[in-house]
Amino acid sequence: MEIEIEIEKEKQEDKTEIKKLFDQAEEEIDNNAIGLYQKIIQTKSSDSNENKIKEESIYLLSALYVKLKQADKIQDLLGSLHPFFSEIPKARTAKVVRKLIDAIREVPNTVELQIEESQKWIKWSTKEKRSFLRQRLQLRLSGLFLEHHDYQSALKTIKALVIEVKKNDDKLQLVETHLLESQIHHKLKNVPKAKGSLTGARTSANSVYCEPSLQAELDMMGGILHTEEKDYKTAFSYFFEAFEGYVSIANDLMGKKRLEKRKRKSAKEYDQKASLTLKYMLMSKIMMGHPEDIQSIINSKAGTRYLTREVEAMKSIAETYSKRSLIEFNQVIEEYDQELKQDPIVARHMNDLYDLMFEQNLIRLIEPFSRVEISHIAKLIGLPLKNVESKLSQMILDHKFHGILDQGNGCLIVFDDYEEGELYNNSLKVINNMSSVLESLYEKSRSLN
């Protein structure tokens with residue numbers, strides 16, 4: 001009995017010591033705190049409460065390394081935790097590993113290091129037969145390959161994972177896996193397969209509860225794929241749903257009274273996503289030919305909160321579209337190079353926007369004329385004669401306006417717009433029907449002979 005009491009006292013003393021160290025570490029700053037957290041982590045313990053303190057110390061220590069931008073230290077910390085993993089449940093082991101790899105992600109320019117760590121821990125989890133951790137890390141690894149522009153490796157990793165997750169019938173993970181697969185196919189410019197993967201993700205999402213953030217990602221991807229098919233009306237509705245989702249998540253996080261630093265950071269990330277989605281919403285409106293709707297969207301309660309440079313870029317594009325000024329359009333593109341040309345989604349539609357503005361500007365310039373020299377139009381628009389002549393020819397063939405090119409005299413002759421009457425259309429139908437009757441009579445006469 002006395003021996004048991006002594007053992008209990010020793011445990012209590014050890015426990016108090018770890019708690020004291022933890023309390024002391026929280027009051028210290030950077031380097032001093034690092035030493036104390038390392039001491040806590042290295043201390044041997046078997047008590048569940050002590051292990052919780054050690055786990056919290058691991059997270060706080062990794063946060064300090066992130067602050068000091070020491071990604072290699074986080075890597076060393078993760079490698080030193082094998083003894084600790086043998087003392088805690090498998091689910092908590094998976095949580096610690098994933099959180100530390102997430103911590104490395106917060107340090108800039110560490111994609112290659114994240115890939116290395118993910119591959120290393122995938123091998124470890126395979127050896128230890130921890131399939132849940134391995135699958136989560138494989139999903140993360142595929143995303144890292146995507147971020148690193150190694151699309152073939154990303155696709156190879158995700159394909160193997162999709163097959164395994166389907167066998168396990170894990171609906172939630174299948175949603176995330178299909179969504180990432182869709183993003184990879186989109187980067188490879190394989191829109192049909194990207195749509196197929198997104199359909200698979202939505203099918204799985206209908207049978208399981210999805211977090212608002214995941215639902216917003218699905219809507220965002222849906223909008224992106226519809227812009228690829230130039231269905232901007234449907235794309236706008238998807239972007240709108242995603243925007244509302246991101247705004248709602250950010251508001252929920254910011255609405256809490258005691259907001260932790262990590263949650264504040266998450267709220268900021270969702271605000272950034274909401275701002276990006278708003279930019280795509282405005283882009284869709286411009287591509288639909290409704291730049292007049294831009295101002296009302298920006299002036300809405302949610303829109304005024306996200307008046308970022310990205311939104312300003314699309315607002316400027318809408319203004320130049322309304323003016324039908326190609327020169328101002330080019331100036332806006334140069335001014336907002338990062339927001340327009342460097343954004344892969346918007347950049348895909350820059351050529352279409354340019355062609356649209358080119359056409360609108362030409363129509364504006366030729367409106368006062370019935371006959372005008374092509375060289376004069378080229379001078380007004382500030383582009384080479386050959387480009388202008390080619391574009392006018394294309395617009396005439398596409399019935400954007402009625403006219404002809406008099407290339408002998410270098411002139412454009414513009415006709416007045418006219419409406420095709422019912423008599424003309426009916427006459428065409430009669431001629432077509434008569435042609436069909438004559439052909440059938442001819443075939444019958446040949447068969448009789």
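Colleague: Leaving aside its neighbours within four places in sequence, which residues is Ser-284 in contact with?

Modeller: Keep in mind that this is a predicted model. Ser-284 has its place in helix H14, residues 261–287. Once neighbours within four places in sequence are set aside, the residues in contact with Ser-284 are Thr-227, Tyr-232, Ala-235, Phe-236 and Phe-239.

Colleague: Is Ser-284 buried or exposed?

Modeller: A residue counts as buried under 20% relative accessible area and as exposed over 50%. The relative accessible area of Ser-284 is 0%, so Ser-284 is buried.

Colleague: In what order do the three strands of the open sheet stand?

Modeller: Strand E2, residues 403–406, pairs with strand E3, residues 411–414, in the antiparallel sense over four bridges. E1 (371–373) and E2 stand at the edges, each with a single partner strand, so one side of each has no neighbour in the sheet. The order is therefore E1-E3-E2.

Colleague: What is the average twist from one strand to the next?

Modeller: The pairing in this open sheet of three strands is antiparallel. From one strand to the next, the twist averages 20°.

Colleague: Which residue in E3 is the bridge partner of Gly-403?

Modeller: E2 and E3 are joined by four bridges. One of the partners in E3 is Leu-412, which bridges to Leu-405. For Gly-403, the bridge partner in E3 is Val-414.

Colleague: Which residue in the hairpin of E2 and E3 takes a positive phi?

Modeller: The hairpin has four residues between its strands. A positive phi near 65° is found there at Gly-410.

Colleague: Which residues lining the second largest pocket are the closest to its centre?

Modeller: The second largest pocket holds about 270 Å³ of space. Its lining has 16 residues, and the closest to the centre are Gln-38, Ile-41, Gln-42, Ser-80 and Leu-81.

Colleague: How many residues of that lining are charged?

Modeller: Helices H2 (30–42), H3 (48–67), H4 (71–79) and H5 (82–85) each give two or more residues to the lining of the second largest pocket. Seven residues of the lining are nonpolar and four are polar. The number of charged residues is five.

Notes
Residues are numbered from 1 along each chain as its sequence is written. This is a predicted model: local features need pLDDT of at least 70, side-chain atom pairs count only at pLDDT 80 or more; totals for chains, interfaces and linings use all residues. Side-chain values use heavy atoms; hydrogens and water are left out. Two strands pair if DSSP finds at least two bridges between them. Axes are lines fitted to C-alpha atoms, for helices over the stretch in contact, and angles run from 0 to 180 degrees between N-to-C directions. On a 1 Å grid over the protein atoms alone, a cavity is a set of points where a 1.4 Å probe fits but cannot get out, and a pocket is an open set with protein on both sides within 12 Å along at least five of seven lines; lining residues have an atom within 4 Å of a point. Grid points are joined across faces, edges and corners, and a volume is the space filled by probe spheres set on the points. Ala, Val, Leu, Ile, Met, Phe, Trp, Tyr, Cys and Pro count as nonpolar, Asp, Glu, Lys and Arg as charged, and the others, Gly among them, as polar. Buried means under 20% relative accessible area, exposed over 50%, partly exposed in between (1.4 Å probe, protein chains only). Contact means heavy atoms within 4.5 Å.
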